[in-house]
Amino acid sequence: MNKPIRILAVACLVMFVGLLFNVNYIQAFEADDLNGRDGNRRVMDEQFSRERGAILVDGTAIAESVPSNDRWRFQRQYPEGALYAPLTGYFSYIYGQSAIERSQNDILSGDDNRLFVNRVVDLLGNQEPQGGSVELTIDPVAQRAAAEGLRDLGEGTRGAVAAIDPQTGAILALATQPSYDPNVLASHDLQSTQDAWDQLTADANQPMTNRATQATLPPGSTFKLVTAAAAMENLDLNPDSQVKGGAALTFPGKTYTLPNQGGGNCGGDPITLRQALEVSCNVSFGDLANQVGEDELVEQAEKFGFGTDPISGIAANESLVTGESSDLEDTQLAQTGIGQYEVTATPLQMAMVAAGIANDGAVMKPYLVDTVRAPNLEVLETTEPERLSEAMNAGKAGQLKDMMVSVVDSGTGRPAAIPGVQVGGKTGTAESAEGRPPYAWFVGFAPANDPQVAVAVMVESLEGNTSDIGGGRLGGPIARAVMEAILR
Amino acid sequence: MSDTSPLAPRKRRGAELVLTLMAVVIGVFGYIAVGLGTTGAIPTDTYRLIGGLILAAVGAHLAVRRFAPYADPVLLPLVLCLNGLGLAMIHRLDMGRQAINPDRAAFATGQVIWTFVGIIAFTAVLVLVRDHRRLQGFTYTFGLVAIGLLLLPLIPGIGQEINGARIWIRLGPFSFQPGEAAKVCLAIFFAGYLVVKRDVLALAGKRLLGIDLPRGRDLGPILLGWLISVGILVFQRDLGSSLLFFGLFVVVLFVATERPGWLVVGALLFAVGAWFGYTAFGHVRVRFEAWLDPFSNPDQNGQIISALFGLAHGGVLGRGWGLGSPELTPFSFSDFILASLGEELGLTGLMAVLLIYGLVVERGLRIALTCRDGFGKLLGIGLTMSFAIQVFIVAGGVTRLIPLTGLTAPFLAQGGSSIVMNWAIIALLLRISDQTRRPAPKTSRVDADDQTQVVKL
């Protein structure tokens with residue numbers, strides 16, 4: 001009977017080797033993945049008992065851990081609360097983390113591999129482990145100007161502002177309204193955290209959505225910049241080229257006509273491309289979209305960043321030129337050319353369009369984290385600006401930039417003008433659903449000769465009187481305030 | 001063969017004593033480390049624990065020295081080490097669980113008492129069973145007792161359903177899991193029955209893919225064993241025991257007949273049973289889904305997820321005794337004690353524990369291999385394989401290697417019946433080992449003066 005016993009001995013060997021391999025897999029290889037999962041109380045308890053690193057803006061902490069005397073040893077605080085909530089995100093025991101608190105969690109908690117030596121030194125010296133800090137690219141004055149500009153439209157107004165440095169892609173301001181106070185979610189009183197969470201998630205205005213990077217809405221006439229770029233690149237147009245004008249665009253064999261907003265005739269037919277942009281002529285750009293063609297228009301938009309996740313580190317949605325359907329009919333393509341039909345864009349994406357034009361056609365990849373530091377302030381990483389694409393050739397971009405300056409000087413963008421500074425811009429008033437007020441947009445940059453800031457303002461809905469929405473009138477002053485803050 | 005060897009068989013009891021004291025030291029250091037980890041001080045009652053553990057360990061050692069002097073010297077220290085680690089961990093989990101809710105029951109003291117009871121049972125088996133072959137005479141008695149024990153929890157009044165499984169009986173203040181005792185009785189019954197019937201059952205039937213399948217008319221016993229297992233699954237809702245009993249039977253049948261065909265038949269029947277369990281019982285489906293993808297339903301699979309989080313948090317070196325949060329996992333002190341050990345002692349500690357289990361199995365297999373009588377072989381392999389299968393099912397379950405089924409980790413997990421019966425199993429293995437390694441009676445009677453004697457009458 002010994003042969004079967006020997007076979008069983010081999011079977012036992014297989015069973016125990018299987019067990020040993022399995023625990024090795026879980027505890028050595030899968031451990032990081034498991035530790036990073038939501039709802040892992042062990043990791044949360046540990047992180048709440050450790051001094052988490054600060055998130056800084058211009059040297060001032062917008063998220064910091066202070067000693068606490070209750071169940072956990074440190075309390076996360078957000079001194080500016082709602083102002084930076086879309087950037088910092090929250091750090092909650094029950095609900096995990098979001099935004100920078102989530103994407104930079106390894107550095108902030110001190111678990112990053114680059115902090116390994118620090119951890120060993122802390123361990124040997126019997127020191128409490130500490131997290132590293134993260135410095136953002138945000139300009140605090142511009143951020144405040146953006147948030148206050150939105151708030152001045154009324155507390156119930158929904159909107160967002162994105163400002164970036166056209167030459168580097170560094171994000172200078174990212175504001176959304178309504179926002180929320182991350183302090184209530186970081187509270188050690190878990191019941192109040194839960195109540196606050198329930199209230200925030202039930203709020204129809206979705207205060208925890210970062211509209212600047214997540215709201216994808218029709219960009220309306222601001223998208224004409226993309227159509228203009230495509231036309232200038234593909235049809236070799238310049239600002240003085242003659243384009244179709246008139247009161248309405250008709251399509252062969254169809255009853256549908258595309259009129260201008262307000263019923264005007266754009267000042268004649270034909271008109272110059274410069275004039276078409278100044279008066280935001282639907283007829284001209286609807287016609288240009290069809291001349292350029294769908295594929296070329298989409299390609300141009302993608303060079304500006306459409307169709308890709310524009311930024312890492314915070315939640316963001318990609319912007320799209322066409323939705324489910326492609327192979328658009330001529331009527332649909334004409335609407336697409338003026339930023340309607342299925343075009344959806346985030347404020348950040350439209351700021352990238354303005355930045356690309358301002359930066360002589362070179363689109364820089366937006367980034368939010370400037371430097372990452374160890375607890376001893378040693379710099380671990382500094383973000384290097386990265387070129388995303390060459391959206392236009394420099395000469396054409398310069399011409400389009402010049403046309404945008406005309407829009408602010410003598411067209412629909414006048415509310416954004418800053419005395420003594422060459423400001424370029426484009427307004428947009430996008431139709432939304434039937435019976436719902438339109439979305440107001442403004443994109444711009446300043447100064448034209450050495451662009452320091454590109455900005456996009458989007459107002460999704462206005463508190464109170466909702467009939468009187470116009471991109472230039474609502475968005476222009478906010479954009480101006482943000483640009484002035486940067487140029488101060 | 002040892003009876004023709006010129007060397008006197010070595011008892012190695014001194015080695016056993018040294019290893020036993022090392023096992024005690026490991027348990028005591030575990031207890032001290034728990035104190036340092038949770039309260040920052042060495043527990044003031046440490047000397048009591050040291051005294052108690054030494055008493056129990058040396059008592060067990062003396063029992064072996066007196067009643068089974070030729071027994072394997074490694075088994076006792078191995079299980080004492082497991083028992084000591086288990087006590088330290090149960091004590092640590094008491095502190096952690098009561099820190100969350102002071103009303104929760106403490107198990108450590110009870111477990112210490114049960115350990116003493118276990119060692120008394122261990123000694124009693126060594127004293128009462130002077131030759132394991134005597135047990136063969138009670139084959140059918142043990143069979144009937146096993147069936148009786150299995151049926152006990154189904155009797156209204158004393159049977160108790162806890163967490164969905166009806167495997168407990170309660171008599172006054174004591175609750176007991178009769179399945180643990182049934183396991184030992186069944187091992188004796190299977191060995192006694194199959195050592196007699198092995199020749200008939202070994203007759204070959206059809207040959208398929210190079211394996212001789214058994215004849216159809218011989219399928220009776222295995223079908224009966226299978227039905228009992230399915231009965232346990234249906235009436236007691238206990239997947240683990242069902243699997244364990246069936247595995248035990250198939251393994252002993254295989255060894256008795258030397259026919260791999262029985263493994264094929266057993267595997268097929270197991271597949272049918274598993275499929276039946278999956279379709280018929282929601283809790284089997286839940287366990288299966290929790291195994292495939294626990295994170296698809298975090299609320300329902302919280303226990304296994306918490307165990308995995310604990311293992312991951314422990315990492316390679318562990319949090320240290322008293323410094324992790326194993327008490328967050330439900331049943332961290334019984335079914336999930338291996339996950340608790342993995343969290344605090346890390347991959348390193350958990351692998352050490354698994355290796356100790358592996359060594360116990362190795363010693364058991366060696367005993368079965370070297371045993372000279374068929375009954376002893378079958379009993380040895382049955383007890384050893386039931387131990388191995390149980391460790392595999394429970395350790396594989398909490399580490400998500402296989403679907404989770406409720407079984408206790410031998411010698412570690414909290415639970416009186418489990419620890420007492422496992423001590424009895426070790427005593428039986430030592431008894432067989434003593435019988436095997438003992439010199440044959442004729443050489444043992446040779447005196448130094450008789451060396452010149454050529455013909456012995």
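Predicted model: local features only at pLDDT ≥ 70, side-chain atom pairs only at ≥ 80, totals over all residues.

Me: What box do the C-alpha atoms of chain A fill?
Reply: The box is taken along the principal axes. Its rough dimensions are 100 × 60 × 40 Å.

Me: Is A:Cys12 buried or exposed?
Reply: A:Cys12 sits in helix H1 of chain A, residues 2-29. Within 10 Å there are 22 other C-beta atoms. The cut-off is 20 or more. A:Cys12 is therefore buried.

Me: Which residues does A:Cys12 touch, not counting residues up to four places away in sequence?
Reply: The contacts of A:Cys12 lie in chain B. They are B:Val361, B:Leu365 and B:Ala388.

Me: How far apart in space are A:Cys12 and A:Asp122?
Reply: In sequence, A:Cys12 and A:Asp122 are 110 residues apart. In space, C-alpha to C-alpha, the distance is 44 Å.

Me: Which element gives the largest share of the side of chain A that touches chain B?
Reply: The contact takes 29 residues from chain A and 38 residues from chain B. On the chain A side, H1, helix H2 (31-35) and helix H3 (41-48) each supply at least two residues. The largest share is 18 residues, and it comes from H1(A).

Me: How do the residues of that side of chain A divide into nonpolar, polar and charged?
Reply: This is the side of chain A that touches chain B. The division is 16 nonpolar, 8 polar and 5 charged.

Me: What span does helix H1 of chain B reach from its first C-alpha to its last?
Reply: H1(B) covers residues 13-38, which is 26 residues. At 1.5 Å a residue, 38 Å is expected. The helix comes close to that, reaching 38 Å.

Me: What do the buried residues of H1(B) pack against?
Reply: The buried residues of H1(B) include B:Leu19, B:Ala23, B:Gly27 and B:Tyr31. B:Val34 is also one of them. In chain B, the buried residues of this helix pack against helix H2 (46-67) and helix H3 (75-100).

Me: Which residue with a positive phi follows H1(B)?
Reply: The phi in question is near 80°. The residue is B:Gly40.

Methods:
Residues numbered from 1 in each chain as written. Chains lettered and ligands numbered in written order. Helix = DSSP H or I, 4+ residues; strand = E, 2+ residues; numbered from the N terminus. Buried ≥ 20, exposed ≤ 12 C-beta atoms within 10 Å, placed from the backbone. Contact = placed C-beta atoms within 7 Å. Expected span 1.5 Å × (residues − 1). Nonpolar A, V, L, I, M, F, W, Y, C, P; charged D, E, K, R; others polar.
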